[in-house]
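Have the coordinates open as you read.

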Amino acid sequence: MKDLYRRIGLSSQTDDRAAIERALSSSSNSNPASVRAARHILLDSDRKVVYDRTREIVLRIGQLRANLGLSRAPNGLATDCGDFEVCPSSPSRQPRAVRPRSNGPQGQRRPDSSRRIGRWVALVITTVVLCLGIIGALSKDRSPRTSRGTFSSPSSLGTPASWQQPSATPIYTTPQSPVESRADKVRKLVKKRLERVGIVLDSSTIDVAVEKLIQGRADPLPATGVLTRNFYGEGVSPPGDHDAARQ
Amino acid sequence: MAAAMVLMLSWIASCDGKISEEELEGLRSIAATGRSEASLNAVIEIALSGRIADLQLACEVLRELDAKHRRLMLQMAVGMALEDGVLTTAEGHIVRFIADVLSQSPAELDSLFREMTGEAFPAPADPSSVEWWVGRQQRSRSRESNRESDDSTRAVPPPRTAAPDMRRLRDLAALGLDEDASVEQVRDAYRRMAKVHHPDRFASLGSEAVKAAEVSFRRIQAAYERLVGA
């Protein structure tokens, strides 16, 4: 059974014949099947009385079914009264709106624009949340995990105190950036200064010299005198020299 | 519980806009047994106004019935819907709704209806379709023409005046029969319905239900006696 009043664009049942005729003429192009039925039934007083009485009962049953959680009950599904179904969560006691259709078989409904927008918004939000979840999961997988600070599983939850993290130590450590060792720094600097004064040495020789320099020995390359002079500055002895002087 | 039952039955009785004498008699007897005769008018008013909150409360009370009593309550609802001999579209919708409230499946409702009338529970009619109205008009016309052309072949003696004709039709409807039913069919229908509506079956549902069944039983008995001329 269809709600002819709503299908021709009237908000509620009415006995105003002129209003029905106006609604019929305004929706005649968009909804021919319902307009034909409404013209046949609502403009005939005898038929209208029977239809209106049945409609009121079906409308009440729709509301009661919604209130009692029986909207999907088997006997109700057999009645094909979709126009009178009421959304259980809706605070309004009005049945859901029926829009006139332009084409298509009788009995099908199209969701109105607000419902369509609502569906799109829900879809976008769901997609964004899913993407964020996937990104979060991937970044967690890349991070090295520490053995400390893991959470308990829900089934093993104990007292509220045990819900706290065991210490202020972060659960996960960010990947450490490679820290340049002192030797690397010295090596770079030595190489740079040697290049500046026009001395070219192979890397193994530089490595040996740098190692000696770090260990505090005297100029590892006495032939050049470059390293000591340039690295520690003029008039400044390397640490090894101070120690030797004390001794 | 009695008030909830009376309210739901009153809703069925009043859904065609009026309550017939037979329906009122049934409601009165149920209300009198449940000591709620004084409030019967108020209950009927509520049923006529169709207040959602009151009907919902009655439904929630009915849900407290156990399985056996639920079936008997549904039987009372079907009986009330058929009280005036015709199951209207609105009555059909309410009976289906009550069946859902009482957790009775469509198959159980159909089985109960067959038990009571010998026919399947009718498919829901659609008063919002042109086809239904055209079909209704055609059925009415063919009934008229049959009555005019075939009076002599009827099994049950034809009435002499218009008033007895209506009485006879109502008696046949009370037994769930069409106007062309034979005497044998009337006997079969009476046996079947007397068994279903026998007051003893309703003893466990309480005195109100027994009283309602007694009213239905008396109505069926009277209809049968008038039809077969006993």
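This is a predicted model: local features need pLDDT of at least 70, side-chain atom pairs count only at pLDDT 80 or more; totals for chains, interfaces and linings use all residues.

Let's start with the interface. The size of an interface is often given as the accessible area lost when the parts come together. Here, chain A and chain B bury about 2,800 Å² between them, and carbon and sulfur atoms give 67% of that. On chain A's side, 23% of the area buried against chain B is supplied by Leu64(A), Leu68(A) and Asn75(A), more than any other three residues. The contact draws on 30 residues from chain A and 34 residues from chain B.

Now the helices. Two packed helices are described by the angle between their axes and the distance between the axes. Two of the pairs below join the chains, with α4(A) packing on α6(B) and also on α4(B); the other pair, α5(B) with α7(B), sits within chain B.

| Helix pair | Axis distance | Angle |
|---|---|---|
| α4(A), residues 45-68, and α6(B), residues 89-101 | 9 Å | about 10 degrees |
| α4(A) and α4(B), residues 52-62 | within 10 Å | roughly 50 degrees |
| α5(B), residues 67-81, and α7(B), residues 106-117 | within 11 Å | roughly 55 degrees |

Take α4(A) and α6(B). With an angle of about 10 degrees, the two are roughly parallel. From α4(A), the residues in this contact are Thr54(A), Ile57(A), Val58(A), Ile61(A), Leu64(A), Arg65(A) and Leu68(A), and they meet Thr89(B), Ala90(B), His93(B), Ile94(B), Arg96(B), Phe97(B), Asp100(B) and Val101(B) in α6(B). By class, that comes to nine nonpolar, three polar and three charged residues.

The interface of chain A and chain B has three salt bridges.

Next, α4(A) against α4(B). Their axes cross at roughly 50 degrees, so α4(A) is oblique to α4(B). The crossing is right-handed. On α4(A), Arg60(A), Gln63(A), Leu64(A), Asn67(A) and Leu68(A) make the contact, facing Ile52(B), Leu55(B), Gln56(B), Cys59(B) and Glu60(B) of α4(B). This contact has five nonpolar, three polar and two charged residues.

Inside chain B, α5(B) and α7(B) are oblique to each other too, and their crossing is right-handed. Here α5(B) brings Arg71(B), Leu74(B), Gln75(B), Val78(B) and Gly79(B), while α7(B) brings Glu108(B), Leu109(B), Ser111(B), Leu112(B), Phe113(B), Glu115(B) and Met116(B). The class count for α5(B) with α7(B) is six nonpolar, three polar and three charged residues.

Back to charges for a moment. Side chains of opposite charge can pair when their charged atoms come close. Over all chains, the count comes to 14 salt bridges. One within chain A is Arg55(A) with Asp3(A), where the closest N and O atoms are 3.0 Å apart. That pair links distant parts of the chain: Arg55(A) is in helix α4 of chain A, whereas Asp3(A) lies in the segment before α1, 52 residues apart.

Finally, the backbone. Most residues other than glycine have a negative phi, and most peptide bonds are trans. Which way does phi of Ser103(B) go, positive or negative? Phi of Ser103(B) is near 55 degrees, a positive value. You'll find Ser103(B) in the loop between α6 and α7 of chain B.

Methods:
Residues are numbered from 1 along each chain as its sequence is written. Chains are lettered from A and ligands numbered from 1 in the order in which they are written. Side-chain values use heavy atoms; hydrogens and water are left out. Axes are lines fitted to C-alpha atoms, for helices over the stretch in contact, and angles run from 0 to 180 degrees between N-to-C directions. Helices (H or I, at least four residues) and strands (E, at least two) are DSSP runs, numbered from the N terminus. Angles under 35 degrees count as roughly parallel, over 145 as roughly antiparallel, 65 to 115 as roughly perpendicular and the rest as oblique. A crossing is left-handed if the near helix is turned anticlockwise from the far one by less than a right angle, and right-handed if clockwise. Contact means heavy atoms within 4.5 Å. Ala, Val, Leu, Ile, Met, Phe, Trp, Tyr, Cys and Pro count as nonpolar, Asp, Glu, Lys and Arg as charged, and the others, Gly among them, as polar. Buried area is the accessible area (1.4 Å probe) that two parts lose on being put together, summed over both. A salt bridge is a side-chain nitrogen of Lys or Arg within 4 Å of a carboxyl oxygen of Asp or Glu.
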